[in-house]
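Here is a short briefing for a first look. Keep the sequence and the model side by side as you read.

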Amino acid sequence: MSRAGADGSRRIAAWILVAAIAAVPVIAAGLSPLLGGRELLWLTGGMAGVVALSLLFVQPLLMAAAPPLLSARDGVQWHRRCGMAIVALVALHIGALYLYSPEDVTDALLLVAPTPFSLYGVISLWCLVLTAALAATRRALRLDYRLWRILHSVLAVAVVGAGAIHAILIEGAMEEYSKLAICIAAMAATTAGVLEVNVLAPWRRRRAVRDT
């Protein structure tokens, strides 16, 4: 097999593994007996949150795992698209649950809900809003790229960490083992992505310049 063929086979195998890890908790939640008889708004809001959680695992890999998963240019583009999809899914998650139960979501947003998972959901939400706002206004604000990259990484860790705790504390449709696995995978991928983008990649570039 040629080098290009071997690289292509490894890329396909890597994507199958990533897709399987991301899809299992979504499928398991979709098959939960707790969904039976629920209203459409509750189902929509809940499943949007589950899919968003799975995409939090994929999102850092698109940026930090290029080129093994895809080309560097495609990685940046798909990282942005995946980020926009996560924002849209979280908006759908909150919007549908608000229409289903306005009082519960209002209490959660005002930090007066008695459920501990609400606090972590709100923390993750506002960190996600800040992340999206910074990404959209970086050029307009003329932020130094290195500073923006650090801020983006810190917020990403907060989004995933708080989002994972939010999901773990909820006793709902998600199957326990697959939920715990996707939370651990998302936190591990985000941590590895932050280290790759902020530490390892800059170090490799400095070493390449020094060796030329």
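Axes are lines fitted to C-alpha atoms, for helices over the stretch in contact, and angles run from 0 to 180 degrees between N-to-C directions. With that in hand, H2 and H7 pack at an angle of about 25°, and their axes are 8 Å apart. This is a predicted model.

**The nonpolar core**

- The largest nonpolar core has 36 residues.
- Leu53, Leu56, Phe57 and Leu61 have the most contacts inside this core.
- Six helices each supply at least two of the core residues: H1 (3-30), H2 (40-64), H3 (72-100), H5 (116-141), H6 (145-169) and H7 (176-211).
- H2 gives the largest share of the core, with 9 residues.

**Phe57**

- Phe57 is found in helix H2.
- Is Phe57 buried or exposed? Phe57 has a relative accessible area of 6%. The cut-off for buried is under 20%, so Phe57 is buried.
- Which residues is Phe57 in contact with, leaving aside neighbours within four places in sequence? They are Val18, Ile21, Ala22, Ile182, Ala185, Ala186 and Ala189.
- Phe57 and Ala162 are 105 residues apart in sequence. In space, their C-alpha atoms are 14 Å apart.

**H2 and H7**

- Angles under 35 degrees count as roughly parallel. H2 and H7 pack at about 25°, and are therefore roughly parallel to each other.
- The crossing of H2 and H7 is left-handed.
- On the H2 side, the contact uses Leu53, Ser54, Leu56, Phe57, Pro60, Leu61, Met63 and Ala64.
- On the H7 side, these residues meet Ile182, Cys183, Ala185, Ala186, Ala189, Thr190, Gly193, Glu196 and Val197.
- By class, the contact of H2 with H7 has 13 nonpolar, 3 polar and 1 charged residues.

**H2 and H3**

- The axes of H2 and H3 come within 8 Å. They cross at roughly 160°.
- Angles over 145 degrees count as roughly antiparallel, so H2 is roughly antiparallel to H3.
- The crossing of H2 and H3 is left-handed.
- How many residues of each class does the contact of H2 with H3 have? There are 21 nonpolar, 9 polar and no charged residues.

**His93**

- His93 is found in helix H3.
- His93 has 19% relative accessibility, and therefore counts as buried.
- Not counting residues up to four places away in sequence, His93 touches Gly45, Gly46, Ala48, Gly49 and His166.

**H6 and H7**

- The axes of H6 and H7 come within 8 Å and cross at roughly 170°.
- H6 and H7 are therefore roughly antiparallel to each other.
- H6 brings Arg149, Ile150, Ser153, Ala156, Val157, Val160, Gly161, Ala164, Ala167 and Ile168 to the contact.
- H7 brings Lys179, Leu180, Cys183, Ala186, Met187, Thr190, Val194, Val197, Asn198, Pro202 and Arg205.
- The residues of this contact of H6 with H7 divide into 14 nonpolar, 4 polar and 3 charged.

How values were computed:
Residues are numbered from 1 along each chain as its sequence is written. This is a predicted model: local features need pLDDT of at least 70, side-chain atom pairs count only at pLDDT 80 or more; totals for chains, interfaces and linings use all residues. Side-chain values use heavy atoms; hydrogens and water are left out. A nonpolar core is a set of buried Ala, Val, Leu, Ile, Met, Phe, Trp, Tyr and Cys residues joined through side-chain atoms within 4.5 Å. Buried means under 20% relative accessible area, exposed over 50%, partly exposed in between (1.4 Å probe, protein chains only). Helices (H or I, at least four residues) and strands (E, at least two) are DSSP runs, numbered from the N terminus. Contact means heavy atoms within 4.5 Å. Angles under 35 degrees count as roughly parallel, over 145 as roughly antiparallel, 65 to 115 as roughly perpendicular and the rest as oblique. A crossing is left-handed if the near helix is turned anticlockwise from the far one by less than a right angle, and right-handed if clockwise. Ala, Val, Leu, Ile, Met, Phe, Trp, Tyr, Cys and Pro count as nonpolar, Asp, Glu, Lys and Arg as charged, and the others, Gly among them, as polar.
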